[in-house]
Amino acid sequence: MGRIKYILACAVTSLFVNSCTSNNEIDTSVYMDPSRSTDERVEALLKQMTLAEKIGQMDMVSEWDMEAVIKNKYYDFGAWIAGKEPEEVNKLQALSEKTRLKIPYLIGMDAAHGYGTLSGRTIFPTSISMAATFNRDLVRKAAQAAAGEIRSAGTHWTFAPCVDIVYDARWGRTGETYGEDPYLSGELVKQAIWGLQKNEDPQKRVAASMKHLVAGGASVGGINHAPADISERSLRSYFLPPFKAGIEAGCMTIMPGHNDIGGIPSHASKWLLTDVVKNEFGFDGFYISDMMDMDNLKTLHKVAENQKRCFISIYQCRNGYAYVFT
């Protein structure tokens, strides 16, 4: 399926998720019928969506902007980043009922080793600690247990696992990773993704998002957001193999990194996002931008003259669709 179809499929099937002319002309007989196939439902929904609604599905807003969302009566977007209990998540989902087509929102949140932002959930060892066990089964079982707790909150999507390869131990996010070895990282990221996304009970699955594509752990001076001045050979030998392993394991989404590589921001690299990861590795999911990295194309990397060009650039370079989170 194409990117838009993929996003909408997640919504209409409720596998990971719990304007034409007028409301009177909306035909819900197919796309709201759970007995119909996913392809049928997606096609029926797409035919009724305006261009603005399709673009809106690629937009994610944050829970701390909820007041502004309600004040401006803007509800035609695809996802929330929110770390809330089910009662509050239900309030967010209720806003989707105010839209013309009533497409449910995806709810995503950082839960790298358990849903630590909510009380009563299990905090599992960090990825670097799990890597020290060299235990594939343990990683998979922990991810599977975490997925059940994440999903119990009404969240369908976690921005994990972090599969950066550590090149400089001064890098402040080393603890989020599986360390410096690309083979070990690749083996464990597969287990983490299977644990998060594969469960006989669909209500205990969450979509995974590998991060950060790519080479953040090789940033100059070990500074987050700093450039990575490395060769393509190094990229292919050390940094990209775990992402390839995760794609082969079926990872549904990927988050590009804050950094640039050889002066080209990861968020705006057609070579990386399209030529290598999509076309060469076969990634058929979608990308989500990292925090403020759309604006960073202008303010940090200086490759776009204004915010409008930032958004145009990322859509063109990715040659596909993505959630944009700023």
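Predicted model: local features only at pLDDT ≥ 70, side-chain atom pairs only at ≥ 80, totals over all residues.
View 1. Within the chain, Trp64 belongs to the loop that runs between strand β1 (60-62) and helix α4 (66-72). Trp64 counts as exposed because its relative accessibility is 53%, and the cut-off for an exposed residue is over 50%.

**View 2. The largest cavity and its lining.** This cavity holds about 210 Å³ of space. Its lining is made up of 20 residues. Those nearest the centre of the cavity are Ala112, His113, Ser127, Ala143 and Tyr178. Three helices, α6 (127-131), α7 (136-152) and α8 (182-197), each contribute at least two residues to the lining. The largest share comes from α7, which supplies 4 residues. By residue class, the lining of the largest cavity comprises 15 nonpolar, 4 polar and 1 charged.

**View 3. The second largest cavity and its lining.** About 90 Å³ of space lies in this second cavity. Its lining includes Met49, Glu53 and Gln57, as well as Tyr75, Asp76 and Phe77. Also among the lining residues are Thr99, Arg100, Leu101, Lys102, Ile103 and Tyr105. The lining of the second largest cavity divides into 6 nonpolar, 2 polar and 4 charged residues. Glu53, Asp76, Arg100 and Lys102 are charged members of this lining.

Conventions. Residues numbered from 1 in each chain as written. Heavy atoms only, no water. Buried < 20%, exposed > 50% of the residue type's maximum accessible area, 1.4 Å probe, protein only. 1 Å grid on protein atoms, 1.4 Å probe; cavity = no way out; pocket = protein on both sides within 12 Å on 5 of 7 lines; lining within 4 Å. Points joined across faces, edges and corners; volume = space filled by probe spheres on them.
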